[in-house]
Amino acid sequence: MDLGIIDATVWTASDERPGLLTDTTIGITDGEIVYLGDRASLPTSPRRTIDGADLLVIPGLVDAHAHTGLRLAAGIAQDVPEIEWMTHALGPVTREMDDDDRIAGARLGVLEAIQSGVTTVAEYAGEVRSLIETVHLPAGLRVVGIETINEVAARPEGDMYELDRGVGEAARQRAEALFEWVADVPRCSAMYGPQALDMVTLETMDELFERATDTGRRLCIHLAQGGRERRQLEARYDVSSAYELLEANDWVDPRLVAVHAHGATETARERMATAGVPLIGCPSSIAGIDGINPPVASYLAHGGTAGIGSDQAPGGGGSHTLLNEIRQAWLAAKLTSGDPTTLPVWEILRVATIGGARALGIDDIVGSIEVGKRADIACFDLTTSPLAPSPTSIGATPVANLVSAGAGAAVAYLLIDGELVINNGYVQTLEPIAVETDAIERADNLHDRARRAWLDAGSSLADASTEGGPFTSDDAAH
Ligand SMILES: [Zn+2]
């Protein structure tokens with residue numbers, strides 16, 4: 001046995017209720033969980049041990065939807081109307097980004113993920129393989145790579161997008177190559193990423209579904225994500241919703257993984273949940289961009305599978321700290337329903353672990369602490385505020401305190417595939433100060449380059465930053 005986590009407080013995610021196991025020992029051999037039980041019954045002595053007496057041990061968190069490559073654009077696209085967000089606020093900056101900007105941003109995003117207990121990130125990007133190879137895998141993460149397929153040739157102002165299959169040809173080929181590549185790469189799997197129903201042709205959706213049916217693969221799509229998408233679909237296909245288009249084409253299918261779906265009606269959500277379409281909600285992102293709480297709780301109530309994701313930083317999220325998303329989802333569900341019993345702590349924690357793993361199709365290997373699964377495990381320090389104090393005698397206070405702590409919770413140890421990615425509070429695979437310094441320098445440079453285009457794009461946020469606006473730096477001098 002390589003490693004033993006001895007006498008810890010363990011929440012396995014395999015129970016429906018908090019089900020805290022106290023004084024419990026976990027044994028790991030060759031990256032696999034081989035023992036869960038009393039220390040006294042350990043079959044052999046582990047070569048290395050971690051004292052679990054002051055640790056809350058949970059399955060590694062699953063960030064089921066992220067665009068970490070956009071991390072350097074944080075702060076330039078919040079507080080604008082949804083219709084402006086992508087084209088007027090974010091677009092002028094992302095168009096200026098080069099590969100090194102995306103890599104520096106992704107590295108910072110991955111650092112944030114690791115430091116918040118995340119062991120799997122589903123990365124959604126164009127040319128995602130190079131990002132994964134350069135950033136995610138060297139950082140020790142488990143990754144689901146999703147190649148973005150987008151066929152928008154032009155976006156005439158106030159009109160239908162021009163779609164062209166030729167525009168997506170290279171991305172479709174990259175997606176196929178990605179599946180072949182990940183087959184031999186440890187800690188890595190893949191999905192197709194048709195960006196949204198208004199951004200790819202129906203022919204491409206048909207082709208991807210056909211490929212997915214033949215091969216057992218999945219498609220991950222941004223779905224029912226607001227007014228911009230709905231107007232495009234209405235104009236092009238004469239349908240009133242994204243769901244209507246899905247149903248008309250027979251695409252309400254478990255091979256489809258729906259991100260967002262906050263624009264779907266309750267009936268549509270129920271039908272998708274019943275049909276086995278997993279939902280990935282992105283609480284901060286969608287609150288920030290659309291002013292809406294993603295329908296995670298209602299999806300669960302319909303019996304659906306749900307995960308959560310950090311999505312992108314320039315919007316409501318600000319970072320890839322999944323603990324903040326857990327807290328946001330937990331509280332926002334209560335605000336939406338007006339009922340404090342909605343989405344209890346154990347349920348949102350299941351969403352962020354085994355739920356995300358199910359949505360990504362990797363629940364056979366990770367998502368819960370069970371003998372036979374890979375050792376993707378997060379250990380939180382119960383001796384520092386805000387997790388301290390967390391007594392266990394009258395309830396699952398460590399779980400409740402973890403969910404409400406958000407980013408304040410400290411990861412003491414993080415294991416991915418049995419490897420210690422955080423050891424005694426220190427990240428082993430990245431140099432945090434160097435990552436942050438690089439991101440700061442590159443963001444300064446990027447924002448300087450994009451400044452003119454961003455101001456000229458006409459978002460209401462840019463108006464506020466122009467001469468005399470509330471964000472004008474000259475104010476300090478007056
Ligand atoms: Zn997204």
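In what follows, a residue is called buried when its relative accessible area is under 20%, exposed when it is over 50%, and partly exposed in between, using a 1.4 Å probe and protein chains only. By that criterion D79 is exposed, with a relative accessible area of 63%.

Colleagues, the model before you is predicted: local features need pLDDT of at least 70, side-chain atom pairs count only at pLDDT 80 or more, and totals for chains, interfaces and linings use all residues. Residues are numbered from 1 along each chain as its sequence is written, and side-chain values use heavy atoms, with hydrogens and water left out.

I begin with the metal. Donors are N, O and S atoms within 2.8 Å of the metal (3.2 Å for Na, K and Ca), and sites may look incomplete because water is not among the atoms. The zinc ion has H65 (NE2), H67 (NE2), H222 (NE2) and D311 (OD) as its ligands, at 2.1 to 2.5 Å. Which geometry does the site of the zinc ion have? It is irregular, with angles of 89 to 166° among the four donor atoms. For reference, four donors count as tetrahedral if all angles lie between 85 and 135 degrees; four count as square planar and six as octahedral if opposite donors are over 155 degrees apart and all others between 65 and 115; anything else is irregular.

Along the chain, the zinc donors are spaced as H-x1-H-x154-H-x88-D. H65 in strand 6 (residues 61–66) and D311 in the loop between strand 15 (306–308) and helix 11 (313–317) are 246 residues apart, so the pair links distant parts of the chain. Here helices (H or I, at least four residues) and strands (E, at least two) are DSSP runs, numbered from the N terminus. H65 is buried at a relative accessible area of 0%, and D311 is buried at 4%.

I turn to helix 12. Just after helix 12, G338 has a positive phi of about 70°.

How do helix 12 and helix 14 (residues 397–405) pack? Their angle is about 100° and their axes are 7 Å apart, the axes being lines fitted to C-alpha atoms, for helices over the stretch in contact, with angles from 0 to 180 degrees between N-to-C directions. Helix 12 is therefore roughly perpendicular to helix 14; angles under 35 degrees count as roughly parallel, over 145 as roughly antiparallel, 65 to 115 as roughly perpendicular and the rest as oblique. L323, I326, R327 and W330 of helix 12 meet L402, V403, S404 and A405 of helix 14, where contact means heavy atoms within 4.5 Å.

Lastly, the backbone. Most residues other than glycine have a negative phi, and most peptide bonds are trans. The bond from S385 to P386 is cis, with omega near 5°, and that from A388 to P389 is cis, with omega near -5°.

D79, in the loop between strand 6 and helix 1 (82–94), has a positive phi of about 65° although it is not a glycine. D30 also has a positive phi, near 50°; D30 lies between strand 2 (21–29) and strand 3 (32–37) and is exposed at 61%.
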